[in-house]
Amino acid sequence: MANPHQVTRDFEKALCDYTGAPYAIAVDSCSSALFLALSYVGVKGVRVLIPKHTYPSVPCEIINAGGIVGFRDTEGQPNLRGIYQLYPTPVYDCSLHFTADMYEYFSAGVSDAPMMCLSFTGPHKTLKLGKGGAILVATEGAYNWLKRARYSGRRECSYHQDPMDMIGWNKYMMPEVAARGLLLMGQFYDRHGNKKSNPPLEIPYPDLSKFDVYRKASEYNDFLHNSTKHW
């Protein structure tokens, strides 16, 4: 039987070819991409700044990864556009931008190799897979960790053969979704094989700084971090 993960590898290769990223890890959503990237860099007890107007899962994933959410002023603009950094981490929310050579262009002049989290979920995204996401990274170490972390810590083999030596999460992209992604990547090339560029998307979001749930959860994470860091 053919390896069902090969189509995911092929889709990830297509993402790398189009975006200029050295490595890509396909996952089930951009929310999962953000959580895994933040878990890899380590944000427990770290205050992570994001725009006040963004998708609600972003502060959720910061909190789920053990971080503390901070909101920065967006000058009253409820529309989120393009790419932004989850400061001070090297993680970037790229859910509203997917274009040719974006990794090569964006990483130029950036001190830390960015971990760019993509979204293919919903009707408004540039690549519409129904549900899905990916992480673009520059280092083999990040690639290898994230690839196993998304798959319950497993290697891409039968669990009867895996030594099971890593804790992970169930956040991998289903092979049938990867197959659809691989098929639809053709729309981003012209008939001569040249890459097409896409404009950044713009979506209005509510002011999340007004919701106590994120502040209270962040305060709890802060309490946990300060009460256990001397163990």
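Trainee: Let's start with T99. Which residues does T99 touch, not counting residues up to four places away in sequence?

Mentor: T99 touches Y18, T19, S197 and N198 with that rule applied; contact means heavy atoms within 4.5 Å. Keep in mind that this is a predicted model, where local features need pLDDT of at least 70 and side-chain atom pairs count only at pLDDT 80 or more, while totals for chains, interfaces and linings use all residues. Residues are numbered from 1 along each chain as its sequence is written, and side-chain values use heavy atoms, with hydrogens and water left out.

Trainee: Where does T99 lie?

Mentor: In the loop between β5 (91-96) and α4 (102-107). Helices (H or I, at least four residues) and strands (E, at least two) are DSSP runs, numbered from the N terminus.

Trainee: Buried or exposed, that T99?

Mentor: T99 counts as buried because its relative accessibility is 9%. Buried means under 20% relative accessible area, exposed over 50%, and partly exposed in between, with a 1.4 Å probe and protein chains only.

Trainee: And what lies 2.8 Å from a polar atom of the T99 side chain?

Mentor: The backbone nitrogen of N198.

Trainee: New topic. How many cavities of 30 Å³ or more turn up in the whole structure?

Mentor: Two. On a 1 Å grid over the protein atoms alone, a cavity is a set of points where a 1.4 Å probe fits but cannot get out, and lining residues have an atom within 4 Å of a point. Points are joined across faces, edges and corners, and a volume is the space filled by probe spheres set on them.

Trainee: What's the volume of the second largest cavity, and which residues line it?

Mentor: About 40 Å³. Its lining is C94, S95, L96, H97, F98, L118, S119, K125 and T126. β5 gives the most, with three residues.

Trainee: What about the largest cavity, how much space lies in there?

Mentor: About 50 Å³. H5, T8, A26, R150, Y151, E156, Y172 and M173 line the largest cavity.

Trainee: Last one: which residues touch the most other members in the largest nonpolar core?

Mentor: I62, L86, V91, C117, I135, V137 and L146, out of 36 residues in that core. Helix α2 (residues 30-41) gives the most to this core, with seven residues. Apart from it lies another core, of 26 residues, among them L15, A21, F98 and L129. A nonpolar core is a set of buried Ala, Val, Leu, Ile, Met, Phe, Trp, Tyr and Cys residues joined through side-chain atoms within 4.5 Å.

Terms used. A polar contact is a pair of N or O atoms within 3.5 Å; within protein, one must be able to donate a hydrogen and the other to accept it, and residues adjacent in sequence count only if both atoms are side-chain atoms. On a 1 Å grid over the protein atoms alone, a cavity is a set of points where a 1.4 Å probe fits but cannot get out, and a pocket is an open set with protein on both sides within 12 Å along at least five of seven lines; lining residues have an atom within 4 Å of a point.
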